[in-house]
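Trainee: Before we go through this entry, could we look at how its two chains meet, taking one question at a time?

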Amino acid sequence: MTGTIDPTVINLVVFVLAVFVGYHVIWNVTPALHTPLMSVTNAISSVIIVGAILAAGPYETDFGSILGAVAVGLAAVNVFGGFLVTQRMLGMFKKKAPKAEKEKA
Amino acid sequence: MSANQLALWYLAASVLFILALKGLSSPVSARRGNLFGMIGMAIAVVVTLAVTKKVAFILVAAAIGGMVGAFVARRVQMTQMPELVAAMHSLVGMAAVLIAIAVVNNPATFGIPDPMPVGNRLELFIGSFIGAVTFSGSVIAFGKLAGLGKKFRLFSSAPVAFGGQHILNLALAIAMIGFGVAFFLAEGRAWAPFAAMLAVAFVLGVLIIIPIGGADMPVVISMLNSYSGWAAAGIGFSLNNTMLIIAGSLVGSSGAILSYIMCKAMNRSFISVIMGGFGAAEGTTAAGTGEKTVRSGSAEDAAFLLANAESVVIVPGYGLAVARAQHAVKEMAQKLIAKGVNVRYAIHPVAGRMPGHMNVLLAEAEVPYEQVFEMEDINGEFGTTDVVLVLGANDVVNPLAHEKGSAIYGMPILEAHKARTVLVNKRSMAAGYAGLDNPLFYMEKTMMVFGDAKKVVEDMVKAIE
């Protein structure tokens, strides 16, 4: 038992625990909000933009960094689109008397 | 910023993503949850930009994409949500593929030793093939959901099946894994096997989705949601980025659970949905027993029944979404409520083309969510309901599900047939997705109201005075 732990092993630990967290959190989502769940998970999975930023990052612009920039653009569509459309949908789930609220606003 | 600081910021973002999903347990906390998600994303992007060099170049790319995303998010119709979600899945898949190519091109950019260790290559292979399958599969799903089938047969919402399909898919999957093995056994930048693997994965994504028919779309879209998460997690593994792994796993398990819920609501196994072709074979056999009579009436007759009922349950289906009748339905319900009728909505989990589709449409029409009930909460109440109004739904109210030997035996249904009177709006007597006749339509207490859902409901609104 000597030496450092391989990063892949640490990744695997994180992965397994995250799947468990996901499993328990998702079962608590109310079925009425399953469509917003899909759009917000879309937005969250586009955190892959972080990888795209790293790809686009280096000083010299080459094949890889151009692909990275394209990936940044694609992921950004999802980041903005995903969160905003979720917000818009959630804004529609209102309690009673939505009319009264509108008149106040 | 040190690598440790970066990792801690990523941890904060990961926790915020978990809170975003946790918020969805109720409509009240959901909006705050979404805000947490946005903050998490902002943290993730800002700290990553802080460690990169060409910030302006990246911001331009992000601004272009962001403007497109914001524009679409504002303009999209709620009836178009399924295709929007499919389109967004495809973007995540494509981004994963592009990042994977950039990693192969220059691993050092990502802090990965060059030449890449075998472990990273394995992870990269997994992330990129899932990304590629997600991309092409989602493009097909988008086409099917957006109704592009008339222009391109590939996008037909009916299952596209051909002989030897499953064997071809299996062969392609084996070929893809073979190229993957060649990729991670090769020295240096093994472009040839990597490119071949990606090409096969793109084709496979198309072939997996084309045999799956329209009403199975809730499963497909959940499955692709799951894939997009696993693709992100796979890229996270190859970049040693724990935040990507966590976010990807959350999304992956979310999609997997939704797929499971959808399959269960149809009493079908995941495998049988994925194998596809359901409804294509049986479609012809069920029709032809046209001896039975149906009673049909006008919208005015239906309105009379509704206005004189004490309790009404509305069962919306895909037909309501196609006709965009949700606002008309809300108007009608309001008129009935003003007359003292107890109006509720009953939602089957697979009604529509994606999980929660009907709920969003009703929410858009400003139906208060207290009036909207899930299947298990309202099924016990049909027996004491005066009138059930079925709008463009079929299989989800088919009593054959209770009869042994029928194709949908065991599928949980909304028990509309237990109500005193049943009104069914459909465009024609055509069988539903499962290709089965529906005995509900021939019951003595059932009255069919033929026509487009929106037109019919609007006529009902006029008739209720």
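Predicted model: local features only at pLDDT ≥ 70, side-chain atom pairs only at ≥ 80, totals over all residues.

Trainee: The rule asks for a side-chain nitrogen of Lys or Arg within 4 Å of a carboxyl oxygen of Asp or Glu. Applied across the interface of chain A and chain B, the number that the rule finds is zero.

Mentor: Which helix of chain A gives the most to the side that touches chain B?

Trainee: The elements that give two or more residues to that side of chain A are helix 1 (7-27), helix 2 (34-45), helix 3 (49-56), helix 4 (63-92) and helix 5 (98-104). The one that gives the most, with 27 residues, is helix 4 of chain A.

Trainee: How do the residues of that side of chain A divide into nonpolar, polar and charged?

Mentor: In total, 83 residues of chain A are in contact with 99 residues of chain B. Those on the side of chain A divide into eight charged, 24 polar and 51 nonpolar.

Trainee: What area is buried between chain A and chain B?

Mentor: The size of an interface is often given as the accessible area lost when the parts come together. Between chain A and chain B, carbon and sulfur atoms give 77% of that buried area, and its total is about 8,100 Å².

Mentor: How many residue pairs are in polar contact between chain A and chain B?

Trainee: The count takes in pairs with both residues at pLDDT 80 or more. Between chain A and chain B, the number of such residue pairs in polar contact is 18.

Conventions
Residues numbered from 1 in each chain as written. Chains lettered and ligands numbered in written order. Heavy atoms only, no water. Contact = heavy atoms within 4.5 Å. Buried area = accessible area lost by both parts, 1.4 Å probe. Polar contact = N/O pair within 3.5 Å; in protein donor to acceptor, adjacent residues only side chain to side chain. Helix = DSSP H or I, 4+ residues; strand = E, 2+ residues; numbered from the N terminus. Nonpolar A, V, L, I, M, F, W, Y, C, P; charged D, E, K, R; others polar.
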